[in-house]
Amino acid sequence: MATCSVGNGEDETLGKMKRERTRRSYENGNATRRQILKIGAGAALALPLTVPRPAKAQNEDFDVIVIGAGISGLAAARRLNELGFSVVVLEATSQVGGRIRTDWSLGAPFEVGAGWIHRPDGNPISRLAADIGAPTAVTPDESFQVFAKDGQAIPASVIEAKYFDLERLYTRIDTTFDKDQPLSDAIRRVSKGSLQDPVLRWMMSAYTEFSTGAPVEKLSAYYFDEDDEYDGADVVLPGGYDQIPKSLADGLDIRRNTLVESIEYEEGNGAAVHTSKATFESSFVICTVPLGVLKKRIITFDPPLPKAHQKSIDEIGFGSVTKLALKFERAFWPEGTQYFGYMSEPKGRWNYFVNYRTISPENILLGVSVGDYPFVAEKMSDADMIADCMSALRAMFGQNTPEPIGHLATRWSEDPHTLGAYSYTAVGNTPADFDRFATPVANTILFAGEHTTFDFHGTVHGAYLSGLAAADRVQRALAK
Ligand SMILES: Cc1cc2nc3c(=O)[nH]c(=O)nc-3n(C[C@H](O)[C@H](O)[C@H](O)COP(=O)(O)OP(=O)(O)OC[C@H]3O[C@@H](n4cnc5c(N)ncnc54)[C@H](O)[C@@H]3O)c2cc1C
């Protein structure tokens, strides 16, 4: 397989020299806390044989430990590896890619996590796709059919006109208030009936709640749409999104099924990362676990993280999005239409469907639940989730709509290594809450991942760029 390179043009030998220099500085200097820890472990092993040996393997030492083999962790590890530093990636699951995962069991690429390269022109993920020769296909936003709650088809001209109303509404919110509040409250204040207007209500959910990953009741009216984007029409990867992380992972030292439990660190002395299997030591740790994992304090930090970092972890929003792919014997929908919308109640419930026939011969409709509804849907059994989604499809396409012959469902809020889909700006958050993660903790621990960049949070490219930025900061520090 062709591999992506994240290299920044630096000479590889230079990196190796830097690494040698770093190593020498450990050897010549006073024993670090990590070295003391190691001597302690050695002393324990020298005790009489009656003392049980520690169950865990001997400590391993690296320049950099990267926690998490999602796109941000892989980007960081690859760049540092290309520069000649010794890097290990510790990944809790058996797979690489994290929230990029492709399941082919229905015969077509079901993207369990990220599906699109959003705004591909200038997007670094487009370059990675081009590097490995992975074709992309546009999913045209203008190809849609929206249905009212009772199944009546709404003319495209009505949807288009209402879209401009929604844009105007959001612009008014931007210029009206000097205090943050839930987006839903701000909408009510500037345009009383808009939340009850069925078309606007559907758009607020299918567009805003889907792209931000959160209900309008929890989004910051100030910042919910202040993030950045590139240009161009969204594209998918018909050969599977997971080609990108798999290619980045090629040749890296990745320890799978290795759950990080705690991190001990000390300014100037590096860190000891304790996992379910062994302890790893390094000068720097790049921690890329999802915000949901940090919020739940699944990893213990010793000493505890600074208050500012903990504030970001506690206060930035983390929502969910549920996908349900339904495969049918035959396509009972217009095969050339890319998207179907449904004005469901509650508003986030199976309100958007992607037609797979445009990119695959398989008769698959992919339903999406957003806003608050994923926390309801993801608690359902598969059978109940399918019945719930089929009631939406039957309202749209008639009561004779057949049962599916196959399905795949996601439950990101229940996944113990993610605990949600992506981060959002909750009421009271500011861009600084995201960007603060860029400040290293004790010159040892750096954070990367989609939640550590305001401009591109919640995206693959944001996560990727954050990984590269963390690697560059480590490289500069190691080169000193
Ligand atoms: C349903 C859904 C749809 C999306 N759609 C899009 C889209 O269309 N376009 C787009 O650009 N973005 C989309 N995104 C967002 C995008 O997938 C993410 O922003 C990006 O993949 C996150 O990458 P990351 O490296 O920050 O985190 P992750 O990919 O989550 O990587 C973190 C890794 O850390 C591992 N880990 C967790 N805990 C531990 C531990 N204790 N020890 C060791 N390892 C651990 C995890 O297993 C995981 O592999 C979507 C996300 C979801 C969930």
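**Cavity, ligand shell and backbone of a predicted model**

Student: How does the lining of the largest cavity divide into nonpolar, polar and charged residues?

Tutor: Here Ala, Val, Leu, Ile, Met, Phe, Trp, Tyr, Cys and Pro count as nonpolar, Asp, Glu, Lys and Arg as charged, and the others, Gly among them, as polar. The lining of the largest cavity then has nine nonpolar, five polar and two charged residues.

Student: What should I know about the model, and how is it numbered?

Tutor: This is a predicted model, where local features need pLDDT of at least 70 and side-chain atom pairs count only at pLDDT 80 or more, while totals for chains, interfaces and linings use all residues. Side-chain values use heavy atoms, without hydrogens and water, and each chain is numbered along its written sequence from 1.

Student: What is the volume of the largest cavity, and which residues lie nearest its centre?

Tutor: A cavity is a set of points on a 1 Å grid over the protein atoms alone where a 1.4 Å probe fits but cannot get out, with lining residues having an atom within 4 Å of a point. Searching the whole structure gives one cavity of 30 Å³ or more. The volume of the largest cavity is about 160 Å³, and its 16 lining residues include, nearest the centre, Glu111, Gly115, Val236, Tyr356 and Ile359.

Student: Which residues of the ligand's surroundings are closest to it?

Tutor: A residue counts as near when one of its heavy atoms lies within 4 Å. In total, 38 residues surround the ligand. By class, this shell holds 20 nonpolar, 15 polar and three charged residues. The closest are Ser72, Glu91, Arg99, Trp116 and Val460.

Student: Which residue has a cis peptide bond with Asp302?

Tutor: The omega of this bond is about 0°. The bond joins Asp302 to Pro303.

Student: What is the omega of the cis peptide bond from Glu345 to Pro346?

Tutor: This cis bond runs from Glu345 to Pro346. Its omega is near -10°.

Student: What is the phi of Arg119?

Tutor: Arg119 is not a glycine, yet its phi is positive. The value is about 45°.

Key: On a 1 Å grid over the protein atoms alone, a cavity is a set of points where a 1.4 Å probe fits but cannot get out, and a pocket is an open set with protein on both sides within 12 Å along at least five of seven lines; lining residues have an atom within 4 Å of a point. Grid points are joined across faces, edges and corners, and a volume is the space filled by probe spheres set on the points.
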